[in-house]
Amino acid sequence: MVPTPAGRETAPLPSAGNGPATPERPRGVVRLSRALRIIHPFPTALNAVAVVMLALVAARGSPGGGALARLAATMLAAQSAIGIVNDYVDRFLDARTKPWKPIPSGAVRPDVARWLGIAAIVLALVLGATFGPAAWALSTAGMSVGLVYDLWLKRSAFSGLTYAVALPLAPLWVWTALDRFTPALLWIWPVGLVLGGALQIANALPDIEDDAAHGVRGTAQWFGPTRALAAAWGGYLLAVGMALGAGLALGHDRRVLVLGAAASMLLLALAMLAYVRRPGSAALQFGWSLLAPGAGVLAVTWLAALR
């Protein structure tokens with residue numbers, strides 16, 4: 001999946017006779033299932049769950065059903081917008097490399113995807129505004145980073161910066177939205193920068209060779225497969241160590257802090273074991289599915305341990 005700058009899309013598929021034929025349009029349940037993939041359900045749901053957990057931690061209990069629902073809905077809308085725009089600008093490349101995706105498979109028409117993306121962006125802006133100007137600025141900044149990634153940075157060596165910048169924004173947004181901001185939260189920035197960069201590389205690893213073959217020169221491609229894998233695992237490990245060290249220095253609850261770090265490390269170990277046993281794209285994808293929630297566990301427990 002490789003976004004291109006708006007207005008400068010990659011070339012369309014070759015016509016029948018000198019290239020692959022357009023896949024048959026799916027129907028019924030299959031079409032609906034493929035259509036739903038346009039919002040990237042796994043990361044979108046994962047981010048919404050993380051926001052709910054962060055809100056419960058920030059409020060030291062429930063902040064109230066209305067606030068909790070609006071926070072989750074804002075994140076769902078923002079992440080859906082990022083996913084839809086990603087698939088829209090990648091539709092020609094995906095037709096060559098991932099014909100099962102929503103737009104190439106015919107489950108979602110390009111014009112429908114475009115309007116869905118616009119609607120999701122507007123919904124995220126409206127919902128985010130219900131928490132006040134400062135929180136709105138943070139939620140809008142997070143969504144904007146994702147959209148810039150889709151449209152411009154994913155092909156560049158700076159692609160890793162997007163996760164690194166966006167990841168620390170989520171807890172800052174939640175704490176600001178609930179009027180619970182504290183200066184200790186600023187320690188999230190250095191940890192989030194390292195952790196976010198590692199996650200972006202881990203996310204790119206399963207497709208690193210296919211993307212490189214189609215002209216993608218993102219952070220993972222700049223490193224190369226071996227060094228990118230080391231950067232993903234090493235960066236994740238470094239971030240856990242930084243979180244643990246900062247938490248101990250700040251006087252966090254040690255039991256919660258250590259438990260979160262241990263759980264995050266366990267997920268990293270499982271990801272590494274899966275790859276060592278059977279190296280390949282499937283193991284890297286499985287590893288990503290472990291590291292992403294592992295980052296969430298680390299963030300939630302670090303914040304829960306904050307006194």
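**View 1. Aromatic pairs in the predicted model.** Three aromatic pairs turn up in a search of the whole structure (ring centres of Phe, Tyr or the six-membered ring of Trp within 6.5 Å; edge-to-face means planes over 60 degrees apart). Tyr149 sits in helix 6 and Tyr163 in helix 7 (residues 160–166), 14 residues apart. Tyr149 is buried at 9% relative accessible area, while Tyr163 is partly exposed at 23% (buried is under 20%, exposed over 50%, partly exposed in between, with a 1.4 Å probe and protein chains only).

This is a predicted model, with local features needing pLDDT of at least 70 and side-chain atom pairs pLDDT 80 or more, while totals for chains, interfaces and linings use all residues. Residues are numbered from 1 along each chain as its sequence is written, and side-chain values use heavy atoms, without hydrogens or water.

**View 2. Leu291 and its neighbours.** Look for Leu291 in helix 14 (residues 281–304), where Leu291 is buried, with a relative accessible area of 2%. Leaving aside residues up to four places away in sequence, Leu291 touches Leu199, Ala202, Trp233, Tyr236, Leu267, Leu268 and Ala271 (contact: heavy atoms within 4.5 Å). One of these, Trp233, is also buried, at 18% relative accessibility.

**View 3. Helix 3 beside helix 6.** Helix 3 (residues 65–89) and helix 6 (residues 133–151) pack at about 10°, axes 9 Å apart, and are therefore roughly parallel (angles under 35 degrees). Among the contacting residues are Ala78 and Ile82 of helix 3, and Met143 and Leu147 of helix 6.

Conventions:
Axes are lines fitted to C-alpha atoms, for helices over the stretch in contact, and angles run from 0 to 180 degrees between N-to-C directions. Helices (H or I, at least four residues) and strands (E, at least two) are DSSP runs, numbered from the N terminus. Angles under 35 degrees count as roughly parallel, over 145 as roughly antiparallel, 65 to 115 as roughly perpendicular and the rest as oblique. Rings of Phe, Tyr and Trp (its six-membered ring) pair if their centres lie within 6.5 Å; planes under 30 degrees apart count as stacked, over 60 as edge-to-face and the rest as tilted.
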